[in-house]
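Me: I have a complex open and want to go through one of its chains. Can you take some questions on it?

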Amino acid sequence: MDIFNGLMLGFSTATTFGNFLYCFLGVLLGTAVGVLPGLGPIATISMLLPFTFGLPVDTALIMLAGIFYGSQYGGSTTAILMNLPGEASSVVTTLDGHEMAKQGKAGRALAAAAIGSFFAGTVGTLFIAIAAPLLAGLALTFGPAEYFSLIVLGLITSMVLASGSLLTALGMALFGMMLGMIGTDVNSGAARFTFGTPNLLDGLDFVVVATGVFGLGEVLANLENERSRSAGIAQVSSLFPTREDWKRMAAPILRGTGIGVLLGVLPGAGVLLASFSAYALEKKVSRHSAEFGKGAIEGVAAPEAANNAAAQTCFIPMLTLGLPGTATMALMIGALVVQGVQPGPEILTQQPALFWGLVVSMWLGNLMLLFLNLPLVGVWAKLISVPYHYLFPMICVFVAIGVYSINNSVFDVYMMALFGVLGYFFKKVGAEPAPLILAMILGPMAEEYLRRALLISHGDASVFFTSPLSLGTLIVAALLLLSIISPRFRKVREEGLQEVD
Amino acid sequence: MKRREFMVLGGTAALLASSGTAWSAGKWPSKPGVVISAYPPGGTSDIITRLVADVLTAKFGQQFVVENHAGAAGALAGGKLARAAADGYTIMVSGSAPIAANKVVQKNLAYDPQVDFTPITIVAESPALLTASASAPAKSLQELIAYAKANPGKVNIGNPGAGTKGHIAAAIIGQLAGVEINHIPYKGSPPLLTDLLGGHIHFALDAPSNYLPHVRDSKIRGLAVTSLKRTSELPDVPTVAEQGFKDYDQTLWFGAVGPKGMPAEIVNAIQGAIKEWTDMPATKEKLTSLGLTAVANTPDQMRVSIQKEIESIRPLVDAGLVQPT
């Protein structure tokens with residue numbers, strides 16, 4: 001099927017009443033959780049996952065995807081108006097976005113973010129339509145050795161990008177791998193780390209861990225500053241960028257989109273790396289670099305374009321290789337598998353309506369988001385001021401229902417509570433949970449591919465270096481690790497990540 | 001307003017929570033049920049599981065949902081079933097590994113399929129199909145054996161899990177031909193097929209459904225079927241017996257089982273529904289296109305099949321020819 005026919009099929013799938021409605025619901029919910037600090041797309045998607053089991057598979061995926069990229073839009077609203085990142089990926093937006101708001105240019109900053117995001121979203125979806133079929137064709141050249149190397153790259157990327165020390169990130173990744181090993185060994189059927197309880201024989205459900213760490217843990221952490229939470233929301237004036245604004249933000253949006261599109265495909269990088277890199281690049285190349293940190297519109301447009309572009313293109317490895325680059329993508333795989341669809345190179349030929357429907361719905365969703373976020377920004381600003389003593393108990397109830405309904409298991413609810421406390425502890429000691437969650441998902445996959453690659457090669461580990469694809473991937477991973485040892489890069493990383501805190 | 005909303009929410013939560021515990025009273029089925037699939041979506045075992053779930057949903061007017069618990073050659077799903085309540089709301093449909101072979105193949109199996117399961121019916125059966133990638137060093141079974149003799153320890157044959165029929169059928173060929181074969185377990189058929197198409201592994205022995213279209217497209221080569229006679233779906237592919245292994249006959253089956261102590265009337269109701277469905281001409285046609293033949297035997301007949309399967313594998317395990325890797 002060529003792209004044109006594919007897009008036609010996608011349009012007919014995405015514009016059915018149900019799919020259109022759920023796409024809207026998804027982006028609406030995504031914007032809401034993006035706006036609210038302390039509630040992110042991972043926790044939201046985990047909570048809603050069991051409720052999508054009854055929907056058709058295309059509808060479910062369209063809605064869940066909408067939540068994810070919708071939160072990228074919503075996150076910037078809070079960042080600009082309140083100097084609080086609604087989402088991790090909008091931390092850099094606070095730097096110049098909130099400065100602009102202080103200067104009375106909040107509306108123009110919001111417009112820059114939304115327009116940048118929309119443009120990037122459009123390019124991102126187009127890129128999926130072109131690149132995903134190509135990669136699916138290439139996917140057959142990926143054997144066990146290549147998959148293993150790709151996973152190693154993903155894990156190392158997520159460690160290098162985590163805030164805090166590399167050692168902490170390594171510890172978190174190793175802990176995550178251990179959590180992933182709990183359960184029954186895939187080849188021999190032996191029970192591992194189950195402490196004799198049958199509840200652990202199936203392993204830990206990663207939705208349980210993610211909901212605990214990201215949902216409950218965030219709620220606990222936010223309770224601390226509930227009293228001191230300032231309700232200072234900047235006033236929104238004109239939403240129309242000036243001619244000067246347009247001129248200044250056009251090139252940064254293009255560059256941000258390019259960076260986001262490429263980095264989104266890289267496993268383990270996620271949307272955070274994209275927004276950081278785009279900001280760093282603009283700061284270097286911009287003629288107004290002195291204004292950065294003092295309200296430069298480039299510093300809003302570029303990272304917002306980048307994070308949204310990455311939010312679209314990170315679907316590519318998930319759909320075509322079945323390889324989740326981020327925790328959110330692992331949730332999407334879960335949603336597909338539950339419905340009997342195995343992501344992988346066959347998905348385009350076996351589920352064309354699902355694939356193309358998703359691509360088109362993403363573009364439609366981005367269009368809806370543009371309208372949701374600009375004219376309605378006042379509504380979202382009000383949402384920020386919803387008192388947490390109403391919101392948090394509701395979140396707690398919803399996560400408990402959500403987790404319980406996955407397996408009808410009370411044990412899972414207790415596990416989630418335990419991981420909630422653990423999540424709070426991680427927050428207190430400054431250990432970022434992203435590498436833990438990713439390692440928990442990718443660890444068992446890495447083990448499976450490592451064992452298979454070595455079985456096929458009769459124990460000869462050189463297969464990882466004789467395949468050019470695998471060798472190249474491992475070299476990139478090694479360079480990433482080395483770069484952190486180099487004092488110059490370390491300084492850049494620390495500066496970049498400090499700005500987050 | 002807020003308070004009332006919250007109370008409604010709490011009520012919903014309580015309702016949802018109570019629906020998880022079994023209502024044993026009343027007529028079965030009074031609530032949705034679960035059909036466990038022991039392999040990932042898309043493989044033969046999973047296709048049959050989904051067909052059965054649809055049949056039960058249509059017949060009994062309650063939703064029967066498929067849950068995939070792939071891993072450890074079905075032992076993960078088997079363990080899940082063994083721990084489930086025997087109220088007729090959880091059953092499993094699977095190839096023979098978690099229902100029979102795992103008992104002798106996996107030393108650490110957390111359940112005993114002959115004790116912890118209630119047989120319902122064998123849904124369908126089929127021969128296994130030996131396939132080779134386009135770049136494989138052999139174009140027939142004889143060439144494969146010759147290659148294995150010339151390159152001891154170099155032949156890898158993929159299977160959808162340790163103890164699956166694909167694994168066992170390959171082990172028997174190795175035993176009869178006196179060659180060493182490395183068995184590479186996969187997590188079900190789809191990933192094995194992907195690796196075979198990509199040439200990362202050169203041979204696979206598995207249920208035929210997923211491979212049929214690719215053999216017809218000549219993207220992979222069918223080397224042999226394990227049944228005594230050739231199959232109608234691949235008339236050009238010779239049997240193993242034809243290629244020098246007289247009387248070689250291996251059939252794989254897919255069956256439905258429930259947890260230990262499932263009420264006989266529910267077992268019979270499910271068996272009856274499946275039997276009724278397999279008797280329909282449309283079903284037969286559908287199964288044939290997948291390379292399968294309908295069986296729908298009685299629970300007692302299935303019990304005998306399980307026993308026979310286990311006894312036929314035990315000597316292979318004792319001889320060290322079939323073991324998890």
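Me: How does the predictor score the complex, ipTM and pTM?
Reply: This is a predicted model. The predictor gives the complex an ipTM of 0.81 and a pTM of 0.83.

Me: And what pLDDT does chain B average?
Reply: Chain B averages 88, and 92% of its residues score at least 70.

Me: Where does pLDDT stay under 50 in chain B?
Reply: Over residues 1-25 of chain B. The model has 17 contacts beyond four places in sequence for that stretch. Where pLDDT is low, the predicted coordinates should not be read in detail.

Me: OK, overall build. How many helices and strands in chain B?
Reply: Chain B has 12 helices and 11 strands. Its radius of gyration is 21 Å, close to the 20 Å that the globule rule gives for 325 residues, so chain B is as compact as a globular protein of that length. The C-alpha trace of chain B spans about 80 × 45 × 40 Å along its principal axes.

Me: What share of chain B is buried?
Reply: Buried residues are 54% of the 325 in chain B. As for contacts in chain B with a separation of 6 or more, 75% are between residues 24 or more positions apart.

Me: How is chain B divided into domains?
Reply: Domain 1 of chain B covers 33-126 + 252-318, and domain 2 covers 127-250. The centres of the two domains, taken over C-alpha atoms, are separated by 24 Å.

Me: How many residues are in contact between domain 1 and domain 2 of chain B?
Reply: 24 residues of domain 1 of chain B are in contact with 23 residues of domain 2 of chain B. On the domain 1 side, helix 2 (44-60), helix 4 (96-105) and helix 12 (299-318) of chain B each supply at least two residues. Helix 4 of chain B gives the most, with 5 residues.

Me: Now strand 8 of chain B. Which residues are on each side?
Reply: Strand 8 (residues 203-206) of chain B has Phe203(B) and Leu205(B) on one side, with Ala204(B) and Asp206(B) on the other. All four are buried, and both faces of the strand are covered.

Me: Does strand 5 of chain B run parallel or antiparallel to strand 8 of chain B?
Reply: Antiparallel, with 4 bridges joining strand 5 (residues 129-133) of chain B to strand 8 of chain B. Thr131(B) stands opposite Ala204(B) there.

Me: And strand 6 of chain B, in which sense does it pair with strand 8 of chain B?
Reply: Strand 6 (residues 156-159) of chain B pairs with strand 8 of chain B in the parallel sense, over 2 bridges. The bridge partner of Gly158(B) is Ala204(B), the residue that Thr131(B) stands opposite.

Me: Last topic, the other chain. How many residues of chain A are in contact with chain B?
Reply: 33 residues of chain A are in contact with 43 residues of chain B. Helix 18 (388-407) and helix 20 (434-456) are the elements of chain A that give two or more residues to that side. The largest share, 6 residues, comes from helix 18 of chain A. The chain A side divides into 17 nonpolar, 12 polar and 4 charged residues.

How values were computed
Residues are numbered from 1 along each chain as its sequence is written. Chains are lettered from A and ligands numbered from 1 in the order in which they are written. This is a predicted model: local features need pLDDT of at least 70, side-chain atom pairs count only at pLDDT 80 or more; totals for chains, interfaces and linings use all residues. Domain bounds come from an automatic or database domain assignment. Two residues are in contact if their C-beta atoms, placed from the backbone, lie within 7 Å. pLDDT is the predictor's confidence in each residue, from 0 to 100. Ala, Val, Leu, Ile, Met, Phe, Trp, Tyr, Cys and Pro count as nonpolar, Asp, Glu, Lys and Arg as charged, and the others, Gly among them, as polar. The radius of gyration is taken over C-alpha atoms; the globule rule is 2.2 Å times the number of residues to the power 0.38. A residue is buried if 20 or more other C-beta atoms lie within 10 Å of its own, exposed if 12 or fewer, and partly exposed in between; C-beta atoms are placed from the backbone. Two strands pair if DSSP finds at least two bridges between them.
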